Amino acid sequence: MAGRVAALIPAAGTGARLGEPKPKAFVEVGGTTLLERSVAAAYESGVVDEIIVAVPADLVASARDLVPSARVVAGGAERSDSVRAALAVTDAQLVLVHDAARALTPPSLFVDVVAALRDGALAVVPGLPVADTLKQVDAAGWVVATPDRNPLRAVQTPQGFAADVLRGAHAESGDATDDAGLVEAAGVSVQVVTGDAMAFKVTTAFDLTLARMLA
Ligand code: C5P
């Protein structure tokens, strides 16, 4: 699909699981915030025309200082609310949704996702094979099943969409842990391209230590 590309960066989470005093996107890795790193990777890819970040309402002004090249909007209570707030202010035909928390994502991953959209996919996610064996458990912690891991993929961001497809999916359903989940529920086929280990999400204190070592 032809058209302009907007990167929407949800960065309005509190980061409760991280245990840092600041909201996660404002935590620094190697002297630079996760937010600045994510915006820089999107720009450096050369395939993004516009960047919109969604941050906590009280940090809109600080975010404008940190990432002057991006548009800044106030996010919402859930990640999907933050994505919707960013989606509302763009008229780009193609959109990438990228977690600010995946701050070490290489620009090449943006290039790969946009290439798959240009080739005709309406929804594209980066994914990696799963290294661990996965167990399905019941509420008491007993194993119910061991799914075959071969066809499973751990998916990352940036996730790319035809903007109308993402808009429709967000209008129809409520919350999901990723945008592709909403699009899938709306009946659209989602293509998986090869992800990158560096696109891991900073969620826990361990992830932050890892990110600081890698940076
Ligand atoms: O909490 P989690 O790590 O899954 O969040 C993924 C991304 O979504 C983070 O970059 C976070 O800042 C963002 N988010 C948001 N608005 C929320 C919750 C999370 O923009 N209400």
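Visitor: In which sense do strand 1 (residues 5-10) and strand 6 pair?

Guide: This is a predicted model, in which local features need pLDDT of at least 70, side-chain atom pairs count only at pLDDT 80 or more, and totals for chains, interfaces and linings use all residues. Residues are numbered from 1 along each chain as its sequence is written, and side-chain values use heavy atoms, with hydrogens and water left out. Strands here are DSSP runs (E, at least two residues) and helices likewise (H or I, at least four), numbered from the N terminus; two strands pair if DSSP finds at least two bridges between them. Strand 1 and strand 6 are joined over 4 bridges, and the sense is parallel.

Visitor: Which residue of strand 11 stands opposite Leu 96?

Guide: Strand 6 also pairs with strand 11 (residues 159-162), over 4 bridges in the antiparallel sense. In strand 11, the residue opposite Leu 96 is Gly 160.

Visitor: Which residues of strand 6 point the other way from Leu 94 and Leu 96?

Guide: In a regular strand the side chains alternate between the two faces of the sheet. In strand 6 (residues 94-97), Leu 94 and Leu 96 share one direction, and all the residues named are buried (under 20% relative accessible area; exposed is over 50%, partly exposed in between; 1.4 Å probe, protein chains only). Pointing the other way are Val 95 and Val 97.

Visitor: Why does Ile 9 count as buried?

Guide: Ile 9 has its place in strand 1. Its contacts (heavy atoms within 4.5 Å), not counting residues up to four places away in sequence, include Ile 51, Val 53 and His 98. Ile 9 counts as buried because its relative accessibility is 0%.

Visitor: Why does Met 198 count as partly exposed?

Guide: Met 198 is found in the loop between strand 12 (191-194) and helix 7 (205-214). Met 198 counts as partly exposed because its relative accessibility is 31%.
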